[in-house]
Amino acid sequence: MISDVYLDHSTYAEPPSRFEAGTPAIGEAIGLGAAIDYLSGIGMQTIHDYEVELGRYLYERLLSVPNIRIYGPAPSEKVERAALCSFNVENLHPTDLATLLDQQHGVAIRSGHHCAQPLHRYLGVSSSARASLYFYNTKEDVDNFIHALNDTVSFFNSLM
């Protein structure tokens, strides 16, 4: 990016070179290629189909949690949800849920506004919790999450 450097000033190369500082991301490009090969070996349709199945399972299992509100439409033949669910549990702050799930059960979920503040305003909530899955997750992971979530909700309810 530099044409020449002096003690009191520098001269810059012509665009686009002046915007390409440092070593090219060679390792990252190689890693991306390996990831593409790995995913292609499994098959993107296979991954998609499994995520749809897993997302449906997550949604159905979350329905068993008392006082939960799941955002978005229920999965159906016409509605394919991503393999995630945003939700709130009545009278519990999502960050409290996320913190205790992490600290007591080793379960990681997201909490906050998820860069979707207009949607949260529309829904009338300041934040939500979100459980996200990918093809490396299993139904057993979902069951463990639901068990941990029920335990966490019970803990907070015992304090009220």
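# A guided tour from glutamate 53

Select glutamate 53. This residue is partly exposed, with a relative accessible area of 39%. The model on your screen is predicted.

**Stop 1**

Lysine 139 is partly exposed, with a relative accessible area of 34%.

**Stop 1: the other salt bridge**

How many salt bridges does the structure hold? There are 2. For the next one, select aspartate 143 and arginine 61. Their closest N and O atoms are 3.0 Å apart. Aspartate 143 lies in helix α5 and arginine 61 in helix α2, so here too parts of the chain are tied together, 82 residues apart in sequence. Show the surface for a moment. Aspartate 143 is partly exposed at a relative accessible area of 27%. Arginine 61 also counts as partly exposed, at 25% relative accessibility.

**Stop 2: asparagine 137**

Step to the loop between β6 (128-132) and α5, and select asparagine 137 there. Is this asparagine 137 buried or exposed? At 16% relative accessibility, asparagine 137 counts as buried, because the cut-off for buried is under 20%.

Next, show the backbone of tyrosine 134. Its nitrogen lies 2.9 Å from a polar atom of the asparagine 137 side chain. Then widen the selection. Beyond its neighbours within four places in sequence, asparagine 137 is in contact with Tyr50, Leu54 and Ser132.

**Stop 3: along helix α5**

Follow helix α5 to asparagine 157. Asparagine 157 is partly exposed, with a relative accessible area of 36%. How far apart are asparagine 157 and asparagine 91 in space? The C-alpha to C-alpha distance is 8.9 Å, while 66 residues separate them in sequence.

**Stop 4: the whole chain**

Zoom out and switch to a cartoon. Count 5 helices and 6 strands. Trace them along the sequence and the pattern reads β-β-α-α-β-β-α-β-α-β-α. The radius of gyration is 23 Å, well over the 15 Å that the globule rule gives for 160 residues, so the chain is more spread out than a compact globule. Turn the model to see its extent. The C-alpha trace spans about 70 × 40 × 30 Å along its principal axes.

Keep the whole chain selected. Of its 160 residues, 30% count as buried. The chain exposes about 10500 Å², with carbon and sulfur atoms supplying 54% of that area. Contacts come next. Among those with a separation of 6 or more, 54% join residues 24 or more positions apart.

**Stop 5**

**Last look**

Conventions:
Residues numbered from 1 in each chain as written. Predicted model: local features only at pLDDT ≥ 70, side-chain atom pairs only at ≥ 80, totals over all residues. Heavy atoms only, no water. Salt bridge = Lys/Arg side-chain N within 4 Å of Asp/Glu carboxyl O. Buried < 20%, exposed > 50% of the residue type's maximum accessible area, 1.4 Å probe, protein only. Helix = DSSP H or I, 4+ residues; strand = E, 2+ residues; numbered from the N terminus. Polar contact = N/O pair within 3.5 Å; in protein donor to acceptor, adjacent residues only side chain to side chain. Contact = heavy atoms within 4.5 Å. Rg over C-alpha atoms; globule rule 2.2 N^0.38 Å. Areas by Shrake-Rupley, 256 points an atom, 1.4 Å probe, with all protein chains shown as cover.
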